[in-house]
Amino acid sequence: MTTKIRMFGKNILNSSKLLKVMSIILATCMLISLTACGSASQQDAQPTSQYATVNPVGDVPEDPAGEPDDGYWHEEEPSSTEEPSTNEEPAINPPTGTYTYNVYGYTISMDVDLNKYIYDNDGSQWFDLIPMIYDLGWAGADTYTVADWNDHDTVAATWFTYHSGDMTTRIDLGMYNEEQVTGTNGYQFRSINVRYLNGSNSSYYPNPETINTDSMCYFGKHYSDCEYRLSGQGWYASYEDIVMIAYTFWAASENPGNNPYTPVFGTSGSYVTSSTSQAVEYSFP
């Protein structure tokens, strides 16, 4: 009897230990389950940012927060919608010719061979200005087209015209008259004015565009550089002067109605002294 009681008590003790172990195991499982649920819930609540690398419909997704900052400085890309600068001049290609010359740091070309019109007379260099102008299709004083050295009027003109349809281009040449070039009996060439006129001698362009404006070119005194004498007027000029004169007459007849200087010297360059909708004024050395 006593032995049975001891065995029963031992069984109860063993059962109690088993229940205690099972309780610990069950509690541990419940704790792990609750922790996992809590972690998943926190992850679901975290905000996420997604940046599309491919956009099949062509629309860029809005991202008010911008690209994530990686801590490094990046040069900004220019915006594709940026407005072009209004200060930039339109790209205008000047007429080109066979012969190339350099003046004031610029390169110009024209279909005029200056050597054809330069000659020596008693040790002096002359430039056959009037024949060159007539060869390009201009009329002296709107009348003469052939140089006759026995007829003073045909070679003494200081203004010339070129007709293209209903437009007349007029070019006036001027000189300094304050004093004669040292050691000579002549004056220095001074200016070129280009105007576009209609039949009534009014401006052909009442509201001209940038390239269709009159122009006034003035050249500084440079007596020591006046190596050439101009036939007809007898004025003196430098080599760059005769290049500019020849280029003006050639370009104005080659491209009627377009300012010959704008494609080369612009309307706001270093040689521009004023620029309006009516005229551009240049000042050269």
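Leaving out neighbours within four places in sequence, Phe-265 is in contact with Val-103, Tyr-104, Tyr-106, Met-244, Tyr-271, Val-272, Tyr-282 and Phe-284, where contact means heavy atoms within 4.5 Å. The model behind this is predicted, with local features needing pLDDT of at least 70 and side-chain atom pairs counting only at pLDDT 80 or more, while totals for chains, interfaces and linings use all residues. Residues are numbered from 1 along each chain as its sequence is written, and side-chain values use heavy atoms, with hydrogens and water left out.

Phe-265 turns up again in the core. Along with Leu-114 and Ile-192, Phe-265 touches the most other members of the largest nonpolar core, which has 53 residues. A nonpolar core here is a set of buried Ala, Val, Leu, Ile, Met, Phe, Trp, Tyr and Cys residues joined through side-chain atoms within 4.5 Å. Helix 4 gives the most to this core, with 10 residues. Buried means under 20% relative accessible area, exposed means over 50%, and partly exposed is in between (1.4 Å probe, protein chains only).

So what does helix 4 look like? Helix 4 has 16 residues and reaches 22 Å from its first C-alpha to its last, close to the 22 Å expected at 1.5 Å a residue; the expected span is 1.5 Å times one less than the number of residues. Helix 4 is mostly covered, as 13 of its 16 residues are buried. Not counting residues up to four places away in sequence, Tyr-247 touches Pro-94, Pro-95, Ile-108, Ser-109, Met-110, Pro-260 and Val-264. Met-110 sits 137 residues from Tyr-247 in sequence, yet their C-alpha atoms are 6.5 Å apart in space.

Helix 4 also lies across strand 3, strand 4 (124-127), strand 10 and strand 11, running at about 35° to strand 10. The angle is taken between N-to-C directions, from 0 to 180 degrees, with axes as lines fitted to C-alpha atoms, for helices over the stretch in contact. These four strands form an open sheet in the order 3-4-10-11, with mixed pairing. Its edge strands, each pairing on one side only, are strand 3 (118-121) and strand 11 (236-237). Strand 10 (residues 228-230) pairs with strand 11 in the antiparallel sense over 2 bridges, and Arg-229 has Tyr-236 as its bridge partner in strand 11. Two strands pair if DSSP finds at least two bridges between them.

Another group of strands includes strand 9 (residues 214-219), joined by 4 bridges to strand 8 (residues 189-197), the two running antiparallel. Ile-192, already met in the core, has Cys-217 of strand 9 as its bridge partner. Strand 9 also pairs with strand 13 (residues 279-284), this time in the parallel sense over 6 bridges, with Asp-214 partnered by Ala-279. Strand 13 in turn runs antiparallel to strand 12 (residues 272-275), with 3 bridges, and a hairpin joins strand 12 to strand 13 through 3 residues.

Overall, the protein has 5 helices and 13 strands; helices (H or I, at least four residues) and strands (E, at least two) are DSSP runs, numbered from the N terminus. Of its 285 residues, 34% are buried.
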